[in-house]
Amino acid sequence: MMQPPPAIHIKDLRKVFTVSQQDSGARAALQGLVKRRTIQVAAVDGISFDLEPGEIVGFLGPNGAGKTTTLKMLSGLLHPTSGEVKVLGYIPWKREKSFLRQITLVMGQRNQLVWDIPAIHSFELNRAVYRIPPDIYRSTLDELTELLELKPLLNKPVRNLSLGERMKCEIAAGLLHRPTVVFLDEPTIGLDVTMQRRIRSFIAEYNQRFGATVLLTSHYMADVEALCRRVVVIHHGKLLFDGDLSALVQNFTDHKTIVVRLEDCQADLKEYGEVISCEDNQFTLRVPKAETARVTERLLADLPVIDLLVEDPPIEEVIERVFAQEKP
Amino acid sequence: MNFFRLLGAYFVVSFMGEVAYRVNFFVQLFQTFLNLVVSLGGLAVIFSYTDKLGGWGPQEILALVGVYFLVGGLIGLVIQPGMEAFIESVRDGTLDFTLIRPEDSQLLVSIGRIDIWKLIDILLGLGIMTWALIMLGQKVGLMQAGMFVLALAAGGVIIYCFFLILATLSFWFVRIENILVIFQSMYEAGRWPVSLYPAWLRYGLTFVVPIAFATTIPAEALTNRLNLQTLLGAVGAALVLLVISRIVWRVGLRHYSGASA
């Protein structure tokens, strides 16, 4: 059987911005009116990866890593400085209508819905712009309404909705034309945990039902853990990691966490490893991966251990360590 | 046609948004009324001293005032709000949502916001024009009506292109809305025939800020004083500007997608 072509293909992608610089002070500001000093900044600096159709991939990186810039190049909003981008076989920046009809970009920090009117009217506008046939529009809207529990929200002016409610409507607006490639830029930002969970399960459901390819950026590792088997990590515009989430943990940690429960909190465990915390007779130790077995053995032998657990450090911590590294 | 289909869709959205704020309707009504009083009052004062103004009689100037309201209404209905919304969207980044839509971005930007209450000005303009024509006791022939519509269309297109080119500058300079404000005060000059102004200003209002095309020339057509040459010139200028504004738009977009963060 022939391998289907990747839904998203990026090779040696680069985007260099010219940024004007200004020294502080009024004088410099005045000078800036006439002449600006500029510097070149590579926001995306030679990254490559492919996404298979139907995949959900987490796209991670600290602020300013180049995630949004990459998403904008993928959705045709930015022209790459060099390198190759293909989405569904199209070159995004040409912005062909047949391409744009198949993608969507949902940004957690920006709204496309018209502020003063109920979301349903903005949906109608999208129906006109995307030329969605009435019956398909109906059924898609019904489906999205059910999955996102939009019914009570559709007829309220958008400005009266809570942040989470608005986000649900934003997502629905972006998906009315049933895009096969979905770019989600921090869709859960600022939302409470329940709403985050609901949006997460919706994304999974949409991906299943429509076989859509999803590239998701988020600062919440819970989103990524719940949705993505594969993650792509970038930092300073360069690719740091591309692979299974579990492999990320293996690759970027040389430590394990040992949680020991003792009869009392008196003991001094410094000689076994770095003590991170001690609460209710429960110690958390950080131990180099290679020594885990030996330390465990010693702890069990030396101390009145009630319970002992060896864990990988939490994914947040791993990511933090990855980002804390300097350029690879 | 696609254009009217989309225009309709955007009109509905604007309409929905506006009816929620009925106060705006009364504010607009009041503003239009003030504007009307100032215009007619000015006319009354001036024509109490003279019967002709730059070769135009009172009823003819009244027809011009009608055109002034009509075109001003058209500008305020779709052109100006659309361009203001566009400039805003460049600054706050929501232009991205326009650009990922599978329609011509220039078209979407141009009809992106509609200030429906300006329909009042348009209706008023039509009313004043009719009134002026009745007072003139002049029959409007098919030829004359055709010339008027053509001149009006050319004037509208020229003003639209002028706005679009200015607004497109925001791709480079981001904050540009003050230019549009300047236009608004210059448009006031259009309530008088440009032949009234000294030569330098006349040229300015024709070739730099093309207000003469929007008001004087259609009014000339209406009052039977427009020659074919000027009309063809206006239509030609409209077509040329349409092409130029399209090019400027494309270059601007390329710049935006090349440089924005």
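Reply: Start with contact, which means heavy atoms within 4.5 Å. Under that rule, and leaving aside neighbours within four places in sequence, Ser89(B) is in contact with Thr94(B) and Leu95(B). This is a predicted model, where local features need pLDDT of at least 70, side-chain atom pairs count only at pLDDT 80 or more, and totals for chains, interfaces and linings use all residues. Residues are numbered from 1 along each chain as its sequence is written, chains are lettered from A and ligands numbered from 1 in the order in which they are written, and side-chain values use heavy atoms, with hydrogens and water left out.

Me: Why is Ser89(B) called buried?
Reply: Buried means under 20% relative accessible area, exposed means over 50%, and partly exposed lies in between (1.4 Å probe, protein chains only). Ser89(B) has 9%, so the label is buried. Ser89(B) sits in helix α3 (residues 58-92) of chain B. Helices here are DSSP runs (H or I, at least four residues), strands are runs of E (at least two), and both are numbered from the N terminus.

Me: What makes Ser122(A) buried?
Reply: Its relative accessible area is 6%, so Ser122(A) falls in the buried class. The residue belongs to helix α4 (residues 119-129) of chain A. Beyond its neighbours within four places, Ser122(A) touches Leu113(A), Val114(A) and Ile117(A).

Me: How do you know that Val114(A) has a polar atom of the Ser122(A) side chain at polar-contact distance?
Reply: A polar contact is a pair of N or O atoms within 3.5 Å; within protein, one must be able to donate a hydrogen and the other to accept it, and residues adjacent in sequence count only if both atoms are side-chain atoms. The backbone nitrogen of Val114(A) lies 3.1 Å from a polar atom of the Ser122(A) side chain.

Me: What makes helix α2 of chain A mostly covered?
Reply: Seven of the eight residues in α2(A) (67-74) are buried. Among them are Lys67(A), Leu71(A), Lys72(A) and Met73(A). After α2(A) comes Gly76(A), with a positive phi near 85°.

Me: Why is the pair Lys72(A) and Asp96(B) called a salt bridge?
Reply: A salt bridge is a side-chain nitrogen of Lys or Arg within 4 Å of a carboxyl oxygen of Asp or Glu. The closest N and O atoms of Lys72(A) and Asp96(B) are 3.1 Å apart. The rule finds four salt bridges across the interface of chain B and chain A. Over all chains the count is 25.

Me: What makes up the contact between chain B and chain A?
Reply: Chain B gives 28 residues and chain A gives 27 residues. The buried area is about 2,700 Å², with carbon and sulfur atoms giving 61%. Phe97(B), Ile100(B) and Pro102(B) supply 27% of the area that chain B buries against chain A, more than any other three residues. Buried area is the accessible area (1.4 Å probe) that two parts lose on being put together, summed over both. The two chains also share nine residue pairs in polar contact, both residues at pLDDT 80 or more.

Me: What does the salt bridge of Arg159(A) and Asp116(A) tie together, and why?
Reply: The closest N and O atoms are 3.3 Å apart. Arg159(A) lies in the loop between α5 (134-148) and α6 (163-175) of chain A, and Asp116(A) in the loop between β5 (103-107) and α4 of chain A, so the pair ties together parts that are 43 residues apart in sequence. Arg159(A) is at 32% relative accessibility, so the label is partly exposed. Asp116(A), at 28%, is partly exposed.

Me: How do you know that Arg127(A) and Glu124(A) are about one turn of the helix apart?
Reply: Both lie in helix α4 of chain A, three residues apart. An α-helix has 3.6 residues a turn, so residues three or four places apart point the same way. The side chains of Arg127(A) and Glu124(A) meet in a salt bridge at 3.1 Å, N to O.

Me: Why is Arg229(A) called exposed, and what class does its partner Asp244(A) get?
Reply: Arg229(A) is at 66%, so exposed is the label. Asp244(A), at 34%, counts as partly exposed. Their closest N and O atoms are 3.8 Å apart, and the pair forms a salt bridge.
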